[in-house]
Amino acid sequence: MSTAVLSKEERLVAHNAAIEAADKDPNLSPATGLPVSKTKLTRFGAGFLIFGILWMSGLGIVSAVLLPMQYKTIEGANPDALVGIVNAFTAVASLVSNLMFGNFSDRTRSRYGRRTPWIIFGAALGGVTLFLTGTTHNAVLLTFWYCLCMFGLNCMIAPMVAILSDRIPSGVRGTMSAFYGAGATIGAPIGTMLGAFFIQNLLPGFAVAGVLMFLGGVVAVLIIPKEESADYLPASQTGFKEVIMSFRPPKFSTAHDFYKAFAGRFCMLISYQMINVYQLYIIQNWIGQDVKQSGITIATVSTITMVVSLLGSFIAGPVSDLIGRRKAPVIVSSVLFAIGIAMPWFIRSSMGMFLFAAIAGLGYAVYSAVDQALLVDVLPNKEEAGKDLGILNLATTLGQMCGPIIMSSIVVAAGYNFAFPVAIALAIIGCFFIMIIKGVK
């Protein structure tokens, strides 16, 4: 019977039955309780891939090239200090917005679905404010626009990731997660290259970046199968107290695996950011190359990383689905990343960095491809997927914040010889937390 002639009560019963059926059979969609056709799966994969490429390209144009140049146009400001200040504010904006919009999308009951309206709104907000970031030479206003851009970006990302839980069968969730990871991997170097093209003419570059971020959300919504109306779901209470209480994380006593996954990702992201942010300094200060040599080395490292990342992203997800395992690929990838970090520590030359790029780059690509699917699998309540995934994704943002701070503190206090083993230890600790997850294979 068509859903158009079913009452809201009957559709709610069907909705709950679909979730129950999908929990028992990894080939069934949680949205319908039925298998998903290859055509629809292709559309989901293409949507995730293009979404990642477009928003990351737009952000990469600005964050990697144009924004550092824009800092130099601000009279009386120290560009190096401004980098840290703006990053601190945008990190906080990302922390708040990821959790906020994931929760709001869970509570949405529109005829366009729960996730779609927020993705479109986020695309518009992110695209416009990313452009406006390049229109000002005032440090405070620039920070304001860039923080609003992070709100728009996370307004897209949080609902898009929740689609993995809402509509994708668990048996192909790794593959879909890999498409998203591959998109971001491809988008980053594209953004850097486009940014370099506009390095002497910044404003048009900011405009292109804004358009790309806007298109990321809009094109993704057009490609993926249309989301069904959510008007049949029970209405959420709108009292202020109830809204505030809805942000509560799951109880630890009933969500052990959830918090183990959080800790595992947090440790891994600290380790990743410790090395990733400091790559150029490692090449110059640890290996001892001058500016010209380090430029050649970092370009080669980036190329190697992009190649192995694409390989790892597209292979890891389907393999994870094929073997029916999430933990094993994540554990192996964490160990690979730790081994990669050891390469420049023991081989103090360009070759050490190239080996790091190949081994750690492959490890992190596999990790990124499968970890998102693992996070969905440990969710304690599928009806609060957006909010709970927002909490889990806080581990990424917190790791991005803490990694450079920890690395800087260690290097200043004890030198690189101590920083490398700390980063390796954190990757292994993250691996340990994933190993002790019990509810996921």
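This note goes through the fold, the surface and one group of aromatic rings.

1. This is a predicted model: local features need pLDDT of at least 70, side-chain atom pairs count only at pLDDT 80 or more, and totals for chains, interfaces and linings use all residues. Residues are numbered from 1 along each chain as its sequence is written, and side-chain values use heavy atoms, without hydrogens and water.

2. The protein has 15 helices and zero strands. Helices (H or I, at least four residues) and strands (E, at least two) are DSSP runs, numbered from the N terminus.

3. For 441 residues, a compact globule would have a radius of gyration near 22 Å; the protein has 22 Å, which agrees. That radius is taken over C-alpha atoms, and the globule rule is 2.2 Å times the number of residues to the power 0.38. The C-alpha trace spans about 70 × 45 × 40 Å along its principal axes.

4. Of the 441 residues, 53% count as buried. Buried means under 20% relative accessible area, exposed over 50%, and partly exposed in between (1.4 Å probe, protein chains only).

5. The structure holds 16 aromatic pairs. Rings of Phe, Tyr and Trp (its six-membered ring) pair if their centres lie within 6.5 Å; planes under 30 degrees apart are stacked, over 60 edge-to-face, the rest tilted. Take Phe 101 and Phe 151: their ring centres are 6.3 Å apart and their planes at 90°, so the pair is edge-to-face. Phe 101 sits in helix H3 (residues 79–107) and Phe 151 in helix H5 (residues 139–167), so the pair ties together parts 50 residues apart in sequence.

6. Phe 101 is buried at 5% relative accessibility. Phe 151 is partly exposed at 21%.
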